[in-house]
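Please look at the structure before reading on.

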Amino acid sequence: MSSTSSEYVQKITKRSEDFAAWYNDVVLGAQLADYSPVRGMMVYRPYGYAIWENIQKLLDARFKATGVVNAYFPLLIPESLLRKEAEHVEGFNPQVAWVTHGGNEELEERLAVRPTSEAIIMQMYSKWVQSYRDLPILINQWNSVVRWELHTRLFLRTAEFLWQEGHTLHASAEEATERTLLMLEVYRSFLEEDLAIPVIPGRKTPSERFPGAAETYTVEALMGDGRALQSATSHDFADHFAKAFDITFLDKDGERKYGYTTSWGLSTRTIGGIIMVHGDDSGLIIPPKVAPIQVVVVPIWRSEEDKQKVLEHIDRIKEVLGDSFRLHIDLSEEKTPGWKFNEWELKGVPVRLEVGPRDVANSAVVLVRRDNRDKSQVPLNDLVVRLQQTLADIQQSLFDRAKQFRDEHTFECESVAQMLEVLDNKRGFIYAGWCGSDECEAAVKEETRATIRVVPLAQPEDPGTCIRCGNKAQVKVYFARAY
Ligand SMILES: [Zn+2]
């Protein structure tokens, strides 16, 4: 049976024609998310939420392997607490939603709906910590935050989003820095190994730091349209918050000292990253490790007699596969097999198994890969091993493909004019020298709409000259237009 039912796919704008329209079509068409009656806030539909649940499982295990535990803090933060760290409140103030009434009573003090939880968590840490024996504190919470955004895009920028925020407290500046970098590495390995998204780990420039941070680290990825996505951040606060919230402890030497804090977060934005890094004209391609459905079985029959045989064969397949994979068997009868092929391709299921009368006769199935559409017949006896191999291979291929795309869309430039030419025509990362001045950074942003995304941890011996002023560069950086 040929897949003549292309109606489903026709609803998807071609990726190469209009990336932004394609992105929206995929999010809505694959039923990952939908707009809600609240402006700027979206609904995570079951299929999209299932990806988030898989992200949570894998990332949470990586956190816990470094000693982190989970807790939960209140949604609302008294205004006075938010005001304790000056830069922090200034940075978030324009985006804060306020609760002013409880029932019909006007509150004496406004309550902020958390835009992030440093303030309330630091307040608790100041209460919990007395001595060096209480340290370190390594707490994470899975929650949502609200930032009043006017220009929103599904998953990428919404007024409420899901994330995790980890907050740690340490006895020394060195230990806090070490933790900041450790969590950056957790994010790097998670994004690359589990989401198949290659990233560049490094620092943000001072102007791009998180409000209140002494240093902000980031992992930056390149999307399929050549724009960058900040995929997770890790902040070293030094003693800024400890001083603002009076977090002190009695050290081994009998002296009372300020603690050192960090915070780090990854949000449902990364689902937008998965879509934009791996997707194609037919829709999503979800890396097997986080795919809600790893293997979908589509039966094919023409006669009632075939139908019985095919269904019996599918029972055998179910038995053989057991619970080794996240499996879905699509038995719905109102859709043709061709329609189903398109639908599961749109939803990005890594592997499709087609089961027709000929496969019953051969005691086999036809295995089709979503990433490259390779088709092969696999004997039932080999199916478990072949699926394990294929899913691992898809996971790796997606990473390799994304890395190759990034490498091909990374350009070394020596002047702003050259950079503009690349940004307008080829798109991607611009790798160039920077003298370290705020002026040059701001001027490039003004002239090109590209920002310094990351100052990579790995630096060449000679960074060359600054792309803007031509003076000796301090570092090589990646510029890009970004989400
Ligand atoms: Zn310069």
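How much space lies in the largest pocket? About 1100 Å³ lies there, a volume being the space filled by probe spheres set on grid points joined across faces, edges and corners. The model is predicted: local features need pLDDT of at least 70, side-chain atom pairs count only at pLDDT 80 or more, and totals for chains, interfaces and linings use all residues. Residues are numbered from 1 along each chain as its sequence is written, and side-chain values use heavy atoms, without hydrogens and water.

**Largest pocket**
- A pocket is an open set of points on a 1 Å grid over the protein atoms alone, where a 1.4 Å probe fits, with protein on both sides within 12 Å along at least five of seven lines; lining residues have an atom within 4 Å of a point.
- The lining has 42 residues, and Arg147, Arg157, Gln230, Thr233 and Arg269 lie nearest the centre.
- By class, the lining has 14 nonpolar, 15 polar and 13 charged residues.

**Helices α10 and α13**
- Helix α10 (residues 304–321) packs against helix α13 (residues 383–408) at about 65°, with axes 9 Å apart.
- This makes α10 roughly perpendicular to α13 (65 to 115 degrees).
- Contact (heavy atoms within 4.5 Å) is made by Ile317, Val320 and Leu321 of α10 and Leu383, Val384 and Leu387 of α13.

**Helices α3 and α9**
- The axes of α3 (residues 46–64) and α9 (residues 269–278) come within 10 Å and cross at roughly 105°.
- α3 is therefore roughly perpendicular to α9.

Conventions:
Axes fitted to C-alpha atoms, helices over the stretch in contact; angles between N-to-C directions. Helix = DSSP H or I, 4+ residues; strand = E, 2+ residues; numbered from the N terminus. Parallel < 35°, antiparallel > 145°, perpendicular 65-115°, else oblique. Nonpolar A, V, L, I, M, F, W, Y, C, P; charged D, E, K, R; others polar.
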